[in-house]
2 protein chains.
Amino acid sequence: MTYELYYWTGIQGRGEYARLALEAAGAPYRDVARKEGDHVIAEVGRTLATPSFAPPFLKDGSLVVGQVAVILLYLGDRLDLAPKDERLRLWTHQIQLTIADFVLEGHDVHHPIGAGRYYEEQKPESLRRAEEFRKERVPKFLDWFETILARNPEGPAHLVGNHLTYADLSLFQAMSGLTYAFPNLMKRLGPKYGKIDAVCKRVEKLPRIAAYLASDRRLAPNESDLFRHYPELDP
Amino acid sequence: MTYELYYWTGIQGRGEYARLALEAAGAPYRDVARKEGDHVIAEVGRTLATPSFAPPFLKDGSLVVGQVAVILLYLGDRLDLAPKDERLRLWTHQIQLTIADFVLEGHDVHHPIGAGRYYEEQKPESLRRAEEFRKERVPKFLDWFETILARNPEGPAHLVGNHLTYADLSLFQAMSGLTYAFPNLMKRLGPKYGKIDAVCKRVEKLPRIAAYLASDRRLAPNESDLFRHYPELDP
């Protein structure tokens, strides 16, 4: 069965977290809006009993699942990207939701007043928010990721247990966005977070992920994405 | 087995979403920080292999679960507050995550620059953000809740199927915060959302919830909580 992923064209965005899971598992999927245009996203939702509040959503036959973390909860079991053990399965999901919180804060740096206005309309506010993000929030989140890697009873090669999970993939993706948006900050902070870096490098080198990253299915980061590089926010 | 809930004292906050599930099911639980003080929250996390990034977290014997939505995923199965059917179980979780997004936006109205500064230090930015929240975001979220109630094949008495789930409880809690923080907005918008209102009234009248709301375990909303009533943000 071919999965169908619905997400905006033109950015990696939140769709990328689902895409990386599908790619890492070598699962067959169709990136529907990229084939047919963004208009299909609204069309599918119009009559569905379970419409997603926002993309991405995933169709698997007649099942439609929205919210990245729920998509990954669903795919994790099917694509062997989540532990079978119930406790570790919940822990993987908890990490995913914390990564989602982090990514949202990364987005809100350039949209503190709201997603309905352009960055250029909220630049003074962004400058203020970016300062707190760089000084308080990024270290707090990265400290947590580094800590849970250090405390993993199976060792720090993976966030959960001793196998790849969707949480590892998502950490890679979040760190790749963060490093794109805040290269100066990460030049200063990066060396403190060796365990995070090792997980990301391991993900990057997985044969299927490496092939994906080199393909034209992987879009370049840009200033419409969740993490954006505005030099004034990263002095 | 008595569940142990860890959350800041003094506010309903995110802990309330877990508390309502425990109360609705009549489950035995201990609200640990309210008994022993906020310091226990950090103490528990200090050495745990699975520390929560932030409270609330729930202990069930040796299991510790954090992130409200994961707590509810866990409790939903055990307290019969989630459907057994896998699709509906995922849909319930998807709704919960969308409610969590909404609640976070409700919080960020008064903290657009960051949680590390007082409201008084970000008032001009809050005034701007509140306008978009009132005009764009609240209608968008409420339209979605009303739509999924209208499209529920089992009728609009519940968000999912024809039984109470944790999503109904969470919708009640989010709407109760919204109405506290934005009474003027809700006077104008409320009448448009009859199905949401009916679900909330039904939750409020559940015998165990009614008893809880009348007890001293239910704290009053206040200006340290997620939803806050600042009259200037609700003209």
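Author: Welcome! In this predicted model, a cavity is a set of grid points where a 1.4 Å probe fits but cannot get out, and lining residues have an atom within 4 Å of a point.

Reader: Thanks! Which helix gives the largest share of the lining of the largest cavity?

Author: The residues lining the largest cavity include A:Gln173, A:Ser176, A:Gly177 and A:Tyr180. Four lining residues come from one helix of chain A, the largest share, and that helix is H7 (residues 166-181).

Reader: Is helix H1 of chain A largely enclosed or open?

Author: Buried means under 20% relative accessible area. The buried residues of H1(A) include A:Tyr17, A:Arg19 and A:Leu22. In total, 10 of the 11 residues of helix H1 (residues 15-25) are buried, so the helix is largely enclosed.

Reader: How many residues apart in sequence are the parts tied together by B:Arg30 and B:Glu4?

Author: These two form a salt bridge, with their closest N and O atoms 3.5 Å apart. B:Arg30 lies in strand S2 (residues 29-31) of chain B and B:Glu4 in strand S1 (residues 3-6) of chain B, so the pair ties together parts whose separation in sequence is 26 residues.

Reader: And is B:Arg89 buried or exposed?

Author: B:Arg89 meets B:Glu86 in a salt bridge, and both lie in helix H5 (residues 86-108) of chain B. The relative accessibility of B:Arg89 is 10%, so this residue counts as buried.

Notes. Residues numbered from 1 in each chain as written. Chains lettered and ligands numbered in written order. Predicted model: local features only at pLDDT ≥ 70, side-chain atom pairs only at ≥ 80, totals over all residues. Heavy atoms only, no water. 1 Å grid on protein atoms, 1.4 Å probe; cavity = no way out; pocket = protein on both sides within 12 Å on 5 of 7 lines; lining within 4 Å. Helix = DSSP H or I, 4+ residues; strand = E, 2+ residues; numbered from the N terminus. Buried < 20%, exposed > 50% of the residue type's maximum accessible area, 1.4 Å probe, protein only. Salt bridge = Lys/Arg side-chain N within 4 Å of Asp/Glu carboxyl O.
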